[in-house]
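Hi everyone, thanks for making time. Could you bring the sequence and the 3D view up on your screens? I'd like to walk you through them.

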Amino acid sequence: MRTPGHDFELAARKFQEGLKQVSEDADLYFGLARAYSSGDQSSMLKSLNQALAINSNHIASLLLMMDHDIDAEDYS
């Protein structure tokens with residue numbers, strides 16, 4: 001389902017292009033995760049894990065991971 005005014009596929013492509021230029025940027029991986037969050041959960045988690053591997057204290061990634069875990073009822 002598309003959200004009016006949002007093009008998540010375009011956002012994902014743009015973040016991927018950015019990562020080709022700057023491969024170790026937690027913010028870009030977080031942006032990619034957000035682009036995937038509306039549909040491709042496995043790619044979202046992979047991107048979040050990459051962001052957290054670069055910066056284990058990346059607050060936005062930690063919050064998105066927490067939201068995902070709560071939605072999945074994974075309270076560990």
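This is a predicted model: local features need pLDDT of at least 70, side-chain atom pairs count only at pLDDT 80 or more; totals for chains, interfaces and linings use all residues.

Residues are numbered from 1 along each chain as its sequence is written, and side-chain values use heavy atoms, with hydrogens and water left out.

So, the layout. The protein chain has four helices and zero strands, and along the sequence the pattern reads α-α-α-α. Helices here are DSSP runs of H or I, at least four residues, and strands are runs of E, at least two, numbered from the N terminus. Of the 76 residues in the chain, 29% are buried. Buried means under 20% relative accessible area, exposed means over 50%, and partly exposed is in between, with a 1.4 Å probe and protein chains only.

Now, the core. Which residues touch the most other members of the largest nonpolar core? They are Met44, Leu48 and Leu64, out of 16 residues. Helix 1 (8-21), helix 2 (26-36), helix 3 (41-54) and helix 4 (59-71) each supply at least two residues, and helix 2 gives the largest share, eight residues. By nonpolar core I mean a set of buried Ala, Val, Leu, Ile, Met, Phe, Trp, Tyr and Cys residues joined through side-chain atoms within 4.5 Å. In soluble globular proteins, nonpolar side chains tend to be buried together.

Take Leu48: leaving out residues up to four places away in sequence, Leu48 touches Phe30, Ala33, Ser61, Leu64 and Met65. Contact means heavy atoms within 4.5 Å.

Ser47 sits in helix 3 and is buried at 3% relative accessibility. Beyond its neighbours within four places in sequence, Ser47 contacts Tyr29, Leu32, Ala33 and Tyr36. Gly31, in helix 2, is buried too, at 9%. The C-alpha atoms of Gly31 and Met44 are 9.6 Å apart.

Ile59, Leu62, Leu63, Met66 and Ile70 make a nonpolar surface patch of about 450 Å². Leu63, in helix 4, is partly exposed at 44%.

Technical notes
Patches are made of residues with over 30% relative accessible area and no salt bridge: like charges are joined within 9 Å, nonpolar side chains (Val, Leu, Ile, Met, Phe, Trp, Tyr) within 5 Å. Accessible areas come from the Shrake-Rupley method with a 1.4 Å probe; for residues, only the protein chains shown count as cover. A salt bridge is a side-chain nitrogen of Lys or Arg within 4 Å of a carboxyl oxygen of Asp or Glu.
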